[in-house]
Amino acid sequence: MSDTTPTAASAEPAEAPDFTALTRDIAEVPAVEVIVTVAVNLMSAAAVKLGLTEDGAEHKDLDEARKLVHALAGLLDASTTEISSFHAAPLRDGLKSLQLAFREASLVPDQPGQGPGEKYTGPVYG
């Protein structure tokens, strides 16, 4: 019986990524898509840090969530004129939901206008 499992010496080395092709791909992505992708990533990370996922309390960290929500609000504020309302409206709704979730999760809620991202959005009320 022969052993057909490759050994470390006979295994083919992994190919290095083609950075030129990757750069070309990134160059073809419209700025709106990059902004929206970053915003969605910030929203997802904030939701995790707010404990809004299945694992909930395991990853809850309000200090980290505050930073992520604030960064998201700043990005959306700065990109207001760059992205259409088609993209911006759901992102703003998501931001407000995260701000409200932060307010509810805080043992000592911030004063209106002092919560994460409220510097950019104005006070958020439940």
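1. In this predicted model, helix α3 (residues 62–78) and helix α4 (residues 85–105) have axes that come within 10 Å and cross at roughly 155°. The axes are lines fitted to C-alpha atoms, for helices over the stretch in contact, and angles run from 0 to 180 degrees between N-to-C directions. This makes α3 roughly antiparallel to α4; angles over 145 degrees count as roughly antiparallel, under 35 as roughly parallel, 65 to 115 as roughly perpendicular, and the rest as oblique. Helices are DSSP runs (H or I, at least four residues), numbered from the N terminus.

2. α3 passes α4 in a left-handed crossing, that is, the near helix is turned anticlockwise from the far one by less than a right angle. On the α3 side the contact (heavy atoms within 4.5 Å) is made by L62, A65, R66, V69, L72, A73 and L76, and on the α4 side by L91, R92, L95, L98, Q99, F102 and A105. By class, this contact has 11 nonpolar, 1 polar and 2 charged residues. Ala, Val, Leu, Ile, Met, Phe, Trp, Tyr, Cys and Pro count as nonpolar, Asp, Glu, Lys and Arg as charged, and the others, Gly among them, as polar.

3. Helix α2 (residues 31–49) also packs on α3: their axes come within 8 Å and cross at roughly 160°. That makes α2 roughly antiparallel to α3, and the crossing is left-handed. From α2, the contact residues include I35, V38, L42 and K49; from α3, they include E64, L68, A71 and L75. The classes here are 15 nonpolar, no polar and 2 charged.

4. α2 and α4 pack at an angle of about 20°, with their axes 11 Å apart. That makes α2 roughly parallel to α4, again with a left-handed crossing. V32, V36, A39, V40, M43, A46 and A47 of α2 meet H87, P90, L91, G94, L95 and L98 of α4. This contact has 11 nonpolar, 2 polar and no charged residues.

5. The largest pocket holds about 200 Å³ of space. A pocket is an open set of points on a 1 Å grid over the protein atoms alone, where a 1.4 Å probe fits, with protein on both sides within 12 Å along at least five of seven lines; lining residues have an atom within 4 Å of a point. Grid points are joined across faces, edges and corners, and the volume is the space filled by probe spheres set on the points.

6. The lining of the largest pocket has 13 residues, with R92, L95, Q99, Y120 and T121 nearest its centre. α3, α4 and α5 (118–121) each give two or more residues, and α4 gives the largest share, 4 residues. By class, the lining divides into 6 nonpolar, 4 polar and 3 charged.

7. Residues are numbered from 1 along each chain as its sequence is written, and side-chain values use heavy atoms, with hydrogens and water left out. Local features need pLDDT of at least 70 and side-chain atom pairs count only at pLDDT 80 or more, while totals for chains, interfaces and linings use all residues.
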